[in-house]
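I opened the model today and kept notes as I went. The entries follow in the order I looked things up.

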Amino acid sequence: MVQQTARIRFYAELNDFLPQAQRMRDQSCQFIAPAPVRHLIELCGVPHTEVELILVDGRSVDLEQRIDGGERISVYPCFERLDIAPLLRVRTEPLREIRFIADAHLGHLVRDLRMLGFDTLFNPQWDDAELARISAAEHRILLTRDRALLMRREITHGCYLRHQPHPVLLKSLIQRLDLCASIDPFCRCIRCNGHVSPADEEAVAQDLPPDRSGIQAPFYRCDDCRQVYWKGSHYRAMLSKIARLCPTTP
Ligand SMILES: [Zn+2]
C-alpha cells in the first residue's frame, strides 16, 4: 500500500462533475495503490454510473481494473451517436427491461414516466440505503440529482440528473436513454404505478365527479389504487406532450 499517481482525463459532460480548473484537461490523481479504476474516478467526484467507457493506456477496461500508478486513464460518458461496440463498455449487460426508481425530489418526472408507460417506483419516505437496495435488487435505474447516492457500490444502473427545468429534464432523459422506442402511453397509473385496465361505465359511475361535462367512455381503472381515468382534456394535453417528446412515434 503506497501512495501513487495516475493521469486521468474526463470527456464531454463528465466534466460537469469537476471543479472548473480541472475540466477538459489531464489531471493528476493521487491514490493508495493498488486500487480499482472505479475508486480513482470517484475520487475525482464522478459517479461510476455515469461512465460508459474507460481506457487505461489506450486499452478498454472495466470498473474493477487494477491501477498501480503511472497509468494514463481516459473516461467517457454514454455516447449517443458514436458506435463504441468494438470496445468494452463498463457495463456489459444492458437492462433487458427499462424500469426506474426515483428519489424523493423527482415527483413530476415520476408522473411523466408513468404516463409514458415506464414502471417507476417512488416513495418520498425511502432513504438512500433503501433506494440503493431496491435499485440493485430489482434491476431498476436509479434516478437522482445526488451524486453521492450514485457512488454506492451496489448500484450498477443509475442516471445522474442535472438541475434543469422539468420539460428539459424529461426530454434529455428520454434522449439519453433512447426511451422513445419503449414508450407505451397510458397503460400505467400515474398515481401509484399500477396497471390500468378498461372498465365499464356502470362499474366506475360512483367514482366519477358529480359534474360529468367532458367526461365520457371509454373508462379505465387502476388495478391497484382503483383510480378512474378517461380521455378528457388532460388526456389530449398528454398526447401533445408525447408528440413533442417523441415526434417520430406513431
Ligand atoms: Zn393506481
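The cut-offs I used: 20 or more other C-beta atoms within 10 Å of a residue's own is buried, 12 or fewer is exposed, and in between is partly exposed, with C-beta atoms placed from the backbone.

I noted that this is a predicted model, where local features need pLDDT of at least 70, side-chain atom pairs count only at pLDDT 80 or more, and totals for chains, interfaces and linings use all residues. Residues are numbered from 1 along each chain as its sequence is written.

I placed Gln 27 in strand β2, residues 27–33. Strands (E, at least two residues) and helices (H or I, at least four) are DSSP runs, numbered from the N terminus. Which residues does Gln 27 touch, leaving aside neighbours within four places in sequence? I found Ile 8 and Gln 22 in contact with Gln 27; contact means C-beta atoms, placed from the backbone, within 7 Å. I also looked up Phe 10, 17 residues from Gln 27 along the chain; their C-alpha atoms are separated by 9.1 Å.

Next, the whole protein. I read off seven helices and 14 strands. Buried residues make up 25% of the 250 residues. The C-alpha atoms fill a box of roughly 75 × 35 × 30 Å along the principal axes.

Then I looked at a sheet. Four strands form an open sheet in the order β9-β8-β10-β11, with parallel pairing. Two strands pair if DSSP finds at least two bridges between them. The edge strands, β9 (120–122) and β11 (158–160), each pair on one side only. Neighbouring strands are turned by 25 degrees against each other on average, direction ignored. I followed β10 (residues 141–144), which pairs with β11 in the parallel sense over three bridges. Leu 142 has Gly 158 in β11 as its bridge partner.

What packs on this sheet? I found helix α2 (residues 107–115), touching β8 (100–102), β9 and β10. The direction of α2 makes about 150 degrees with that of β9. Axes are lines fitted to C-alpha atoms, for helices over the stretch in contact, and angles run from 0 to 180 degrees between N-to-C directions.

Last, the domains. The assignment gives domain 1 (2–77) and domain 2 (100–182); such bounds come from an automatic or database domain assignment. Their C-alpha centres lie 25 Å apart. The contact takes six residues from domain 1 and eight residues from domain 2.

Key
Two residues are in contact if their C-beta atoms, placed from the backbone, lie within 7 Å.
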